[in-house]
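Here's a quick tour of one protein chain, written for someone new to reading structures. Have the sequence and the 3D view open as you go.

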Amino acid sequence: MGKTNQSSVTEFVLLGLSGYPELEAIYFVLVLFMYLVILLGNGVIIIVSVCDSHLHTPMYFLLSNLSFLDICYTSSSIPLFLSSFLTTKKTISFSGCGVQMFLSFAMGATECVLLSMMAFDRYVAICNPLRYPIIMSKNSYVPMAAGSWIAGGVNSMLQTSLAMQLPFCGDNVINHFTCEILAVLKLACADISINVISMVVANMIFLVVPVLFIFISYVFILSTILRIPSSEGRRKAFSTCSAHLTVVIIFYGTILFMYAKPKAKDSSGADKVQVTDKIISLFYGVVTPMLNPLIYSLRNKDVKAAVKNILCQKCFSGGK
C-alpha cells in the first residue's frame, strides 16, 4: 500500500514568506540592493586582485577565490528568490532543486576550507615571516585553493545525490526560501538515517575541523603578536589578520546561531521560530557575502590603493 500512495514529484513549491505578504515588498527591495552590492563589492575585489601586480600574493589570491565563491553562492539562489516575489508561481523543478542544493552545499563547504587556508596564510605571515615566500609559494597556495573547491564539490555531490535519490510522497512544499537540504529531507517518505549520518560526518570534516584549525592558528598568531615589544608593531601585525578574523566570526557565528539555538516546543511559538529561522538563513546567505568585501576593503590599505590606481588609470586613459 505504501508504494501505491507514492507519487513522482516533478517540482517543489518554495513557501518562503508567502504567509507574510506584508514583508515581501520590503524583503524584495532589501535583498535586491544587497545582491547588487555583493556583485559590485566582490567583483571589485576580483578585478583589483587580478589587475594590480602588488596584490599578486597568496592572501589576495585566496581572497579573490572567496569573492568568486560568494558571487557563485548568492547567484545560485538569489535570482530565483527575487523572481518569486514577482509571480504567484513559486515553484522550482526537481532537477533545478538538485542543482541549487549542490551549489549551495558546495559553496558552503568550500568556504569553510578556504577560510582555514586563509588562517594558515596569516599564521605563516606572522609567525614565520622569513619563511613565508618559501612556504606560501605559488606551488603551495594554488593547490590549497584548488583543493578547497574540489573537497567542497565532492562532498556536495555525495550529499545531493543521497538526498535526491529519496522517494517523495506527494508533499512538495518546501518551507524555505531555497532548496535547503534539511527542508527537503523532511518531505522524504523513506528512512533518512544514511543522509543524517553522512551530514554529521561532513559537518565534522567541513565545520569542526576548520574551526579547530583556525582557532589553533590564531592562538599561535596572538601569542606571537603579544611578544612583539612595540605597540606599533603589535598594531600592524594584528591589522594584517583582523579582517579575516572578523569574516570568520560572522560566518561561523551565524551558522552556530542558526543550528545550535533551542527550538520552540509549543505550536504557537514554532511558527514564529520558523520565520526567525528563515530570516537568519537569509542573513547567512546574503548579508555575510555582502559584508566580506566591505570588511576587506575598509580595513585594507592595499585594496583601497589598488582601486584608486585602477580608477586613476581609467581616467587618465579616458582623458587621452
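Two notes before we dig in. This is a predicted model, where local features need pLDDT of at least 70, side-chain atom pairs count only at pLDDT 80 or more, and totals for chains, interfaces and linings use all residues. Residues are numbered from 1 along each chain as its sequence is written, and side-chain values use heavy atoms, with hydrogens and water left out.

**The whole chain**
- Of the 320 residues, 45% count as buried; buried means under 20% relative accessible area, exposed means over 50%, and partly exposed is in between (1.4 Å probe, protein chains only).
- The accessible surface is about 16,800 Å², and 70% of that belongs to carbon and sulfur atoms. Such areas come from the Shrake-Rupley method with a 1.4 Å probe, and for residues only the protein chains shown count as cover.
- Take the contacts (heavy atoms within 4.5 Å) between residues at least 6 apart in sequence: 79% of them join residues at least 24 apart.

**The sheet**
- The 3 strands make an open sheet in the order β2-β1-β3, with mixed pairing; two strands pair if DSSP finds at least two bridges between them.
- β2 (91-93) and β3 stand at the edges with a single partner strand each, so one side of each has no neighbour in the sheet.
- β1 (residues 11-14) pairs with β2 in the antiparallel sense, over 3 bridges. In one of these pairings, Glu11 has Ser93 of β2 as its bridge partner.
- Helix α4 lies across β1, β2 and β3, and runs at about 90° to β2. For angles like this, axes are lines fitted to C-alpha atoms, for helices over the stretch in contact, and the angle runs from 0 to 180 degrees between N-to-C directions.

**The cysteines**
- How many disulfides does the count come to? The answer is 1, using the rule that a disulfide is a pair of cysteine sulfur atoms within 2.5 Å.
- The link joins Cys97 to Cys179, with an S to S distance of 2.1 Å. At -130° about the S-S bond, this link is left-handed.
- Distant parts of the chain are tied together here: Cys97 is in helix α4 (residues 94-127) and Cys179 is in the loop between β3 (173-174) and α7 (181-185), 82 residues apart.
- Cys97 and Cys179 are both buried.
- Cys127 is in no disulfide, and the nearest cysteine sulfur, that of Cys241, is 9.3 Å away.
- Cys241 is also in no disulfide, and it counts as buried because its relative accessibility is 0%.

**Spans from the record**
- An unreviewed UniProt entry lists several stretches as "transmembrane region", including residues 25-48 and 102-120. UniProt positions are given in the numbering used here, feature names are shortened, and annotations may be inferred rather than shown by experiment.
- Residues 25-48 are 100% helix and 0% strand, with end C-alpha atoms 35 Å apart.
- Residues 102-120 are 100% helix and 0% strand too, and their end C-alpha atoms lie 27 Å apart.

**A closer look at Asn42**
- Asn42 is in helix α1 (residues 21-51).
- Is Asn42 buried or exposed? Asn42 is buried, because its relative accessible area is 0%.
- Leaving out residues up to four places away in sequence, Asn42 touches Val37, Ser67, Asp70, Ile71, Pro289 and Pro293.

Note on methods
Helices (H or I, at least four residues) and strands (E, at least two) are DSSP runs, numbered from the N terminus.
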